[in-house]
Each structure stands twice: as C-alpha cells, then as structure tokens.
Amino acid sequence: MIDIVVLAFVIIGVFFAVVSAIGILRLKDVYSRAHASGKSATLGVIFIMLAVFIHFLSQGDLNAKILLAILFLFLTAPVASLFLARSAYRNGVKLAKNTVVDDLKKMYDKQQ
C-alpha cells in the first residue's frame with residue numbers, strides 16, 4: 001500500500017513538473033513564466049520529496065531533513081519567483097501584447 005502512495009505522489013510531482021516546463025516554454029512573457037515556475041515547479045518538487053519521505057519512513061528511517069527541505073522550498077521558491085517578476089517589472093521588461101490589466105503600474109506610479 002505504501003508503494004502505491006509513493007507512486008501516486010511521484011506521478012503527481014512529475015505531472016506538475018512537466019506542466020511547469022511546458023508553461024515556461026509556451027507562455028509569452030517573463031511574468032507568466034515566473035508564475036509557472038514559481039507555482040507548478042514548487043508543487044512538483046514538493047510532491048516528489050514527500051514521496052521520498054514516505055518511502056524512507058516506511059523502511060523505518062525518519063529523516064527530518066527532508067521535511068525541512070520541503071518547508072524551505074515551500075516558503076522560498078514562490079517568493080523568489082515573485083521577486084524576479086517584480087525586478088523585471090521595475091527594469092522595464094514589457095508585458096505581453098494581450099495583457100489587459102497592469103495592476104503594478106498604479107503602485108509604482110505612486111512611489112515616484
């Protein structure tokens with residue numbers, strides 16, 4: 001039964017990683033790509049690491065380092081992609097042509 005749970009988590013993790021890779025390749029601007037890499041890739045890696053944790057837990061090894069790595073990745077990867085997107089916006093990287101709303105423009109216009 002544990003092997004089925006581990007396999008399911010690996011399959012879910014690989015699915016999210018593939019969706020993230022496709023998003024990075026297919027999306028039009030840096031902001032959409034940052035969203036794809038920040039959300040989907042993080043979920044993919046977390047599911048795969050959970051599978052590793054459950055696999056070793058079933059063999060009697062409790063490895064807290066894996067849980068800490070999952071927590072660290074969960075907290076830092078989306079924030080890093082947010083900061084990359086904000087940095088790109090502040091440096092003048094253009095939005096995609098079909099972008100309708102620019103929510104950050106009001107915020108940065110007030111600061112200047």
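**Close-up views of a predicted model**

**View 1. Surroundings of Ser 40.** Not counting residues up to four places away in sequence, Ser 40 touches Phe 16, Ala 17, Val 19, Ser 20 and His 35. The model shown here and in the other views is predicted. Ser 40 belongs to helix H2. With a relative accessible area of 15%, Ser 40 is buried, since the cut-off for burial is under 20%.

**View 2. The ring pair of Phe 9 and Phe 47.** The structure holds four aromatic pairs. In the pair formed by Phe 9 and Phe 47, the ring centres are 5.6 Å apart and the planes stand at 65°, so the pair is edge-to-face. An angle over 60 degrees is what places a pair in that class. Distant parts of the chain are linked by this pair: Phe 9 sits in helix H1 (residues 2–26) and Phe 47 in helix H2 (residues 30–58), 38 residues apart. Phe 9 has a relative accessible area of 22% and is partly exposed. Ring pairs also join Phe 9 and Phe 47 with Phe 15 and Phe 16 into a cluster.

**View 3. The ring pair of Tyr 31 and Tyr 89.** Tyr 31 and Tyr 89 form an edge-to-face aromatic pair, 6.3 Å from centre to centre and with 65° between the planes. This pair, too, links distant parts of the chain. Tyr 31 counts as buried at 15% relative accessibility, and Tyr 89 is buried with a relative accessible area of 16%.

**View 4. The largest nonpolar core.** Seven residues make up the largest nonpolar core: Val 6, Ile 46, Ala 51, Phe 53, Ile 54, Ile 66 and Ile 70. Helices H2 and H3 each supply at least two residues of this core. The largest share, four residues, comes from H2. Ala 51, one of the core residues, is in contact with Val 6, Phe 9 and Val 10 when neighbours within four places in sequence are left aside.

**View 5. The second core and Lys 105.** A second, separate core has six residues, among them Ala 85, Ala 88, Tyr 89 and Tyr 108. Tyr 89 is also a member of the edge-to-face pair with Tyr 31. Lys 105 is placed in helix H4 (residues 103–111). The C-alpha atoms of Lys 105 and Tyr 89 are 9.2 Å apart in space, and the two residues are 16 residues apart in sequence. Lys 105 is partly exposed, with a relative accessible area of 46%, whereas Tyr 89 is buried.

**View 6. A nonpolar patch on the surface.** Val 10, Val 14, Val 18, Ile 22, Ile 48, Val 52 and Phe 56 form a nonpolar patch on the surface. Together these residues have about 500 Å² of accessible area. H1 and H2 are the elements that give two or more residues to the patch, and the largest share, four residues, comes from H1. Val 14, a patch residue, lies in helix H1. At 42% relative accessibility, Val 14 counts as partly exposed.

Note on methods. Residues numbered from 1 in each chain as written. Predicted model: local features only at pLDDT ≥ 70, side-chain atom pairs only at ≥ 80, totals over all residues. Heavy atoms only, no water. Phe/Tyr/Trp six-rings, centres within 6.5 Å; stacked < 30°, edge-to-face > 60°. Buried < 20%, exposed > 50% of the residue type's maximum accessible area, 1.4 Å probe, protein only. Patch = residues over 30% accessible without salt bridge, like charges linked within 9 Å, V, L, I, M, F, W, Y side chains within 5 Å. Areas by Shrake-Rupley, 256 points an atom, 1.4 Å probe, with all protein chains shown as cover. Salt bridge = Lys/Arg side-chain N within 4 Å of Asp/Glu carboxyl O. Core = buried A, V, L, I, M, F, W, Y, C linked by side-chain atoms within 4.5 Å. Contact = heavy atoms within 4.5 Å.
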